[in-house]
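Work through the exercises below with the model open. Try each task before reading its solution.

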Amino acid sequence: MAAKRHHELEILPGRVIGRETMELLRAKRSMTPLEWGLLLALAVVWGGSFFFNAVAVRELPVFTVVVSRVALAALILLTILRLRGERMPRDRAVWLAFFGMGLLNNAIPFSLIVWGQQQIASGLAAILNASTPLFTVVFAHVLTSDERMTRGKFAGVLIGFAGVVVMIGSDALRDLGVHVAAQFVCLAGAVSYATAGIYGRRFRTMGITPLGTATGQVIASSLILLPLVMVLDQP
C-alpha cells in the first residue's frame, strides 16, 4: 500500500501533499561520494573568496570588486550552459525571479561583505558569514511548512558554526566588538543569504535547472550592479 500510495502521489503533481511528500523522500536520501566531493570543492572555493576579497578591496572600490566577480561568473556559466545544450528561459516571471534571487544571493550580500572587509579581517568575516545556516533554519521554520526546526537541525548548525571557528582560529574572534558597524554589515549579508535560500525554492516548481538558476541570477545581479559601478565607483 505504501509503495502504491507514493506512486499515486508522484503522478498527481497538482496535489500539494504529493509534491511535498516526494521532495521529502528525495531530501532524506544519502549523499553520493560525488556530491560530497562537490560540496567540499564548493567549501574550498567559497572560503577562499574571503581571502581574495581582502586582497582586491585594498586596490579596488567595493562595487567594482563585486561586479567583476558576478560578471565573470555569468560569462563562465553561460559558456557551460551552451556547451551542455541548455537555453536560458525567456519567460518574464522567471526573469523577475532571477532578479530577486540575484539581489538577495549576490548583489546585497557580496556588496555588504566586501564593504565590511575594508575594516575587518577576512577570518572574522568568514565566521560571521557562517551564521547563515542559523538564520536559514529560523527563517525556514517561520516561512515554510515542510522545513520545521528540530533539535537535531539546530544542534547540527551550532556544531558546524563551532567547526568554522576552530578551523579559522579563535584569534579571529579577538576583533569582535571592534568596527561594530562592519561586523553588523557582514551579519546583514548572512541574513540576505538565508533569505535567498528560502526564496530560491520557487525555481524548483518553475522547472528551472540548478545551472539555469545560477546563470540567471548572476546575469541579473551583474545588470543590477553595473549602474552602481558607473555612478559610484566611476571606473
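**Exercise 1. A helix pair**

In which crossing, left-handed or right-handed, does H6 pass H9? Then classify the angle between the two helices and list the residues that form the contact.

Solution. 
- Start with the handedness. This is a predicted model, and in it H6 passes H9 in a right-handed crossing.
- Take the geometry next. The axes of H6 and helix H9 (residues 180-199) come within 8 Å. They cross at roughly 40 degrees.
- Apply the cut-offs. Angles under 35 degrees count as roughly parallel, and 65 to 115 as roughly perpendicular. H6 and H9 are therefore oblique to each other.
- List the contact residues. H6 contributes Leu124, Ala125, Leu128 and Asn129. H9 contributes Gln183, Cys186, Leu187, Ala190 and Tyr193.
- Sort the residues by type. The contact of H6 with H9 has seven nonpolar residues, two polar and no charged.

**Exercise 2. Glutamine 117**

Where is glutamine 117 placed?

Solution. 
- Locate the residue. Glutamine 117 sits in the loop between helix H5 (92-116) and helix H6 (122-129).
- Check accessibility. The relative accessible area of glutamine 117 is 5%, so the residue is buried. The cut-off for buried is under 20%.
- Look for polar partners. The side chain of glutamine 117 makes a polar contact with the side chain of asparagine 53, at 3.3 Å.
- Complete the neighbourhood. Leaving out residues up to four places away in sequence, glutamine 117 touches Phe50, Asn53, Ala54, Val57, Ser122 and Ala125. Ala125 also belongs to the H6 side of the contact with H9.

**Exercise 3. Alanine 194**

Is alanine 194 buried or exposed? Find what it touches.

Solution. 
- Alanine 194 lies in helix H9.
- Read the area. Alanine 194 has a relative accessible area of 0%, so it is buried.
- Find the contacts. Not counting residues up to four places away in sequence, alanine 194 touches Thr132, Phe135, Thr136 and Phe139.
- Compare sequence and space. Alanine 194 and threonine 136 are 58 residues apart along the chain. Their C-alpha atoms are separated by 4.6 Å.

**Exercise 4. The whole chain**

How many helices and strands are there in the chain?

Solution. 
- Count the elements. The chain has 11 helices and zero strands.
- Take burial. Of the 235 residues in the chain, 35% are buried.
- Finish with contact range. Consider contacts between residues at least 6 apart in sequence: 81% of them join residues at least 24 apart.

Key:
Residues are numbered from 1 along each chain as its sequence is written. This is a predicted model: local features need pLDDT of at least 70, side-chain atom pairs count only at pLDDT 80 or more; totals for chains, interfaces and linings use all residues. Side-chain values use heavy atoms; hydrogens and water are left out. Helices (H or I, at least four residues) and strands (E, at least two) are DSSP runs, numbered from the N terminus. Buried means under 20% relative accessible area, exposed over 50%, partly exposed in between (1.4 Å probe, protein chains only). A polar contact is a pair of N or O atoms within 3.5 Å; within protein, one must be able to donate a hydrogen and the other to accept it, and residues adjacent in sequence count only if both atoms are side-chain atoms. Contact means heavy atoms within 4.5 Å. Axes are lines fitted to C-alpha atoms, for helices over the stretch in contact, and angles run from 0 to 180 degrees between N-to-C directions. Angles under 35 degrees count as roughly parallel, over 145 as roughly antiparallel, 65 to 115 as roughly perpendicular and the rest as oblique. A crossing is left-handed if the near helix is turned anticlockwise from the far one by less than a right angle, and right-handed if clockwise. Ala, Val, Leu, Ile, Met, Phe, Trp, Tyr, Cys and Pro count as nonpolar, Asp, Glu, Lys and Arg as charged, and the others, Gly among them, as polar.
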